[in-house]
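Subject: Structure for your review

Dear colleague,

Please find below the sequence and the structure that I am handing over to you. My findings follow directly after them.

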Amino acid sequence: MTQLPISPSSSNTHAVVIGGSIAGLLAARMLTEYFEQVTIIERDYYPQHPQPRSGVPQSNQAHFLLIRGKQIIEELFPGFVEELSTKGAIHVDVLKDFLWLSEYGLWPRFSSDLTTWSCTRNLIENILCKRLGKYPNLKIMEGHQVSQLLATDDHQIVTGVRFKDREGKESTIKADLTVDASGRNSKASQWLESLGYEKPQQQSINSFLGYASRWYQGPLKHQVDWTCITLTPKATQCKRGGIIIPIEGEQYIVTLTGVGEDYPPTDEQGFLEFARSLRRPDIYQIIKDAQPLSPAYGYRRTENQLRHYEKLSRFPENFLILGDGVCSFNPVYGQGMTVAALGALTLKHCLEEQKSEGFNLNLQGLSRRFQKQLAQVNYTPWLMATGEDLCWPTTVGGEVTRVTKLIHSYMDLVKRSLCNDPTVLKVFAEVIHMIKPSSVLFSPNILLRVLLNLLSQKENSKNLTETYSLNSEPE
Ligand SMILES: Cc1cc2nc3c(=O)[nH]c(=O)nc-3n(C[C@H](O)[C@H](O)[C@H](O)COP(=O)(O)OP(=O)(O)OC[C@H]3O[C@@H](n4cnc5c(N)ncnc54)[C@H](O)[C@@H]3O)c2cc1C
């Protein structure tokens, strides 16, 4: 291991990133533009080929890359999308290729410019890792676990980290900037506490949603004209849902979900029975004779969790926290990787601002500036995820205020509109894929359409859920 010399806190010689998953890799890529040397310290060894790994327990589960996330990663790593394609990811027009069996009916399907790629999280990580490996000023130290922050005697400035290898041998590494990207179980708050800082206030909103995901060999039966399926639960009435997404290697991940501790089982029979119990038979019909390639993997740590580092009255210089360690979401909304990418963009923005304040990059004040701006970036996806989760009476944490109730009622009308108004649907898709702000759903144009749709639905109460049969083309 290279021991770098101690540098003054205002220099930009060396940045260390703790954790090399999606958030860490994207942040490290950004830092290569501002630091002479960037080191990622990752406790796992990366698999040679895209595969799940133990340091990321969610890596067996379905991960869908939202359009905004795809765009940012492509900006950071030009050619990323092309590589996804050559490595077997599947191109998805989110309005044409999704069979979206919503609680109010089937969403209309039509060609659009809203496209992304469907694959495993592991393929995305593998591509990012290999591409980063080509940066001459980037080094990845695998199999090393960070255990502590180093700081100046007065604890005002973080100066690096202490870590150990797999044999338990401890070492330290100095850094001008230390970035924690160690995920939902980040120890950053304990590390800060041991330096005399307060713990950040933590918000947790838990709908007690559970996942069970199983991998299948394609092609799947009944795959007429769709690439992905989402069968949503129906708040307060039906807690169960399901998702099918294609991944590289002509395989599929089938995920079953249950809200309010209605956890999908992971045994063979239980998994199938749960699929059979969904409010529509489609997913069961597809998987009952399909060839499984894996056991079903369960996952239950799905609470929305937000740590308010930006509100701490004291915070050390030269230390940042991003990714799931600051804000993690109920994963069913597919936001995590995209928010991690937005975090990397925020880092760039803050570093540029620091630069503009002096001739050289001055790190003083960066920590506070970054945590404050990141909190703003996290705000909307947090409201979107927790707003949905608070529709369930079994959700714990968070307050259902009058305003929340009003927003729920309006969003319920929007969701009803999605089934028969392609204009509203397109805007809705742009919002959930984070390419438009959620405020557009409250614009006068959309508001009017939603109200008119409500009136016309009352006159013509056709139930669209009945209009799609797996064995036929949609109407
Ligand atoms: C079930 C599930 C499904 C999901 N589905 C989606 C989806 O469809 N779309 C989407 O965009 N997002 C999804 N996500 C979220 C996504 O996985 C994460 O939000 C995203 O990858 C960013 O995570 P991260 O990099 O902050 O942390 P993680 O991915 O958790 O990675 C943390 C990294 O830090 C390392 N590490 C931890 N501690 C240390 C230490 N002390 N020293 C060194 N290394 C350490 C770990 O080994 C790991 O590599 C899902 C999450 C879950 C749980």
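Arg 53 and Glu 42 are both buried in this predicted model, and their side chains meet in a salt bridge, with 3.1 Å from N to O. Arg 53 lies in the loop between β2 (37-42) and α2 (67-76) while Glu 42 belongs to strand β2, so the pair ties together parts that are 11 residues apart in sequence. As background, side chains of opposite charge can pair when their charged atoms come close.

How many salt bridges does the structure hold? The count is 26.

Arg 369 is partly exposed, having a relative accessible area of 22%. Glu 353 is also partly exposed, at 24%. Salt bridges with shared partners also build one network, which joins Glu 42, Asp 44, Arg 53, Arg 121 and Glu 125.

Is Asp 97 buried or exposed? Asp 97 counts as buried because its relative accessibility is 11%, and the cut-off for buried is under 20%. Lys 96, by contrast, is partly exposed, with a relative accessible area of 38%.

I would also draw your attention to the surface. Which residues form a nonpolar patch there? They are Val 403, Ile 407 and Phe 442, which together have about 270 Å² of accessible area. Phe 442 is found in the loop between α11 (422-432) and α12 (444-459). The relative accessible area of Phe 442 is 40%, so this residue is partly exposed.

Finally, a word on confidence. The protein has an average pLDDT of 93, and 94% of the residues score at least 70. Over residues 1-9, however, pLDDT stays under 50. For that stretch the model has 21 contacts beyond four places in sequence.

Yours sincerely,
A colleague

Note on methods. Residues numbered from 1 in each chain as written. Predicted model: local features only at pLDDT ≥ 70, side-chain atom pairs only at ≥ 80, totals over all residues. Heavy atoms only, no water. Patch = residues over 30% accessible without salt bridge, like charges linked within 9 Å, V, L, I, M, F, W, Y side chains within 5 Å. Areas by Shrake-Rupley, 256 points an atom, 1.4 Å probe, with all protein chains shown as cover. Salt bridge = Lys/Arg side-chain N within 4 Å of Asp/Glu carboxyl O. Helix = DSSP H or I, 4+ residues; strand = E, 2+ residues; numbered from the N terminus. Buried < 20%, exposed > 50% of the residue type's maximum accessible area, 1.4 Å probe, protein only. pLDDT = per-residue confidence, 0-100. Contact = heavy atoms within 4.5 Å.
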